[in-house]
Amino acid sequence: MAAKVRTQVAIVGAGPAGLLLSELLQRHGVESIVVESRTREHVEARVRAGILEHSSVELLTEIGLDQNLRAHGQRHHGIYLQWPGSRIHLDFQQLIGRSVWLYGQTELTTDLGRARDAAGQQIIYQVSDTSVVDHHSDHPAVILTDADGTPRRIDAEVVVGCDGSFGPCRDAATDPTTRRYQRLLPYSWLGVLAQVAPSTDELIYSWHPRGFALHSMRSAAVSRLYLQVPNQTKIEDWSDDRIWSELATRLEAGEPGWTLHDGPILEKSVLPMHSFVMEPLRSGRLFLAGDAGHIVPPTGAKGLNLAIADVARLAPALATMIINDDHVAADAYSDQALQRVWRCTEFSVRMTQMLHIDDDRFRGRLQQAQLRWLASSTTAARELAQNYAGLPIGFTDD
């Protein structure tokens, strides 16, 4: 017999989306329980996104969770775009009066976890055999086995899937009317985390005939760098020396005299590139947020920010639904959230197509023309800045 507990909202996934949702729900007077298949240590150590949009920072500031961000994060006024022989700086602050912050997902997840601890939030880690049941009724539930091997059932008024691409909620939310949109890209990113001070003050996005490269960072002493590589690339074929040599070739080409500093590589992995959007982001009383409902190429730095925007929209909608029995905002959640998702997906795909090479030399010349246009046109630069620095949390295109 499963041990039963009841809450108002059962949240599957204790990453930044799930933890932020529980924080926002509590502020609206709604209780929740969060369940997570991994250990807390694993969740807080996952190296993921590092860029927070202007509106994401505004939200964290509004709820008082920006102290560590402002103490340890880095405010960036723009980005560098380059191609061989040219490097330009797009100053977002000058163009649109907005900026972005470099603050890793690991740090944000830790901040949110500590805030939830202080509030007494119940988070159950290391669960297995998780499934969502009865979500087409008024009494949905999450069934799981806890770390001690005890079967549990969490009865709720609403279940929210914040459990990413491979969690159980995406499949549970699939109905006959569900539509899945996916595009697999013909290349991957080889990413490294290196114990070396960044060689740049802001991110460098590099177009190069040998492939795209990105210089990012995690702190004043740790750099994060990426190389475009073919799909099915094996990480064991890339020695540290080969990685640094290729990074130097692609990144140093933009500005004569500039040098990429190397150092010990702490982690390296290959990330396949794809886009995915599921419509709707709801099935009965099961809602999806973040990667459970959509994936974007990382070129546009949108994944974490879309998750933040999803739960910022969803929390008040669920509160109104649960407390006031008013379903209008909850019913509108999917359509409204998807407008922002598709806008950010278009931008991320466009950034990716502008910077990644293939065997089409004609397209390569078009890419260079596009980069030069960004260097010469304030209108074009401002449009990129508006999308990169981030749309308002509640953006719709109606």
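Start by selecting Thr249: leaving aside its neighbours within four places in sequence, this residue is in contact (heavy atoms within 4.5 Å) with His208 and Arg210. Before you go on, note that this is a predicted model, where local features need pLDDT of at least 70 and side-chain atom pairs count only at pLDDT 80 or more, while totals for chains, interfaces and linings use all residues. Numbering starts from 1 along each chain as its sequence is written, and side-chain values use heavy atoms, with hydrogens and water left out.

**Around Thr249**

Thr249 sits in helix 8 (residues 240-251). Helices here are DSSP runs of H or I, at least four residues long, numbered from the N terminus. At 35% relative accessibility, Thr249 counts as partly exposed; the scale calls a residue buried under 20% relative accessible area, exposed over 50%, and partly exposed in between, using a 1.4 Å probe and protein chains only.

**Over to Gln367**

Next, pick Gln367 in helix 11 (residues 361-376). Is Gln367 buried or exposed? At 4% relative accessibility, Gln367 counts as buried. Show what Gln367 touches, skipping residues up to four places away in sequence, and you get Trp207, Gln353, Met354, Leu355, His356 and Ile357.

**Helix 10 against helix 12**

Met354 also turns up at the next stop. Select helix 10 (residues 328-355) and helix 12, which pack at an angle of about 120 degrees with their axes 10 Å apart. Axes are lines fitted to C-alpha atoms, for helices over the stretch in contact, and angles run from 0 to 180 degrees between N-to-C directions. Helix 10 and helix 12 are therefore oblique to each other; under 35 degrees would be roughly parallel, over 145 roughly antiparallel, 65 to 115 roughly perpendicular, and the rest is oblique. To see the contact, show Arg343, Phe347, Arg350, Met351 and Met354 of helix 10 with Glu383, Leu384, Asn387 and Tyr388 of helix 12.

Stay on helix 12 and colour its buried residues: Ala380, Ala381, Leu384, Ala385, Asn387, Tyr388 and Ala389. Just after helix 12, click on Gly390, which takes a positive phi of about 115 degrees.

**Helix 1 against helix 9**

Jump to helix 1 (residues 16-27), which packs on helix 9 at an angle of about 30 degrees, with their axes 9 Å apart. This pair is therefore roughly parallel. On the helix 1 side, show Pro16, Ala17, Leu20, Leu21, Leu24 and Leu25; on the helix 9 side, show Leu304, Ala307, Ile308, Val311, Ala312, Ala315 and Leu318.

How many of the 12 residues of helix 1 are buried? The count is 10, so helix 1 is mostly covered. After helix 1 comes Gly29, whose phi is positive, near 80 degrees.

**Into the cores**

Finish inside. The largest nonpolar core has 77 residues, and Leu52 and Val160 have the most contacts inside it. Helix 9 (residues 303-324) gives the most to this core, with 14 residues. A nonpolar core is a set of buried Ala, Val, Leu, Ile, Met, Phe, Trp, Tyr and Cys residues joined through side-chain atoms within 4.5 Å. Centre on Val160: not counting residues up to four places away in sequence, Val160 touches Val9, Ala10, Ile11, Val12, Leu21, Phe287, Leu314 and Leu318.

Notes
Helix = DSSP H or I, 4+ residues; strand = E, 2+ residues; numbered from the N terminus.
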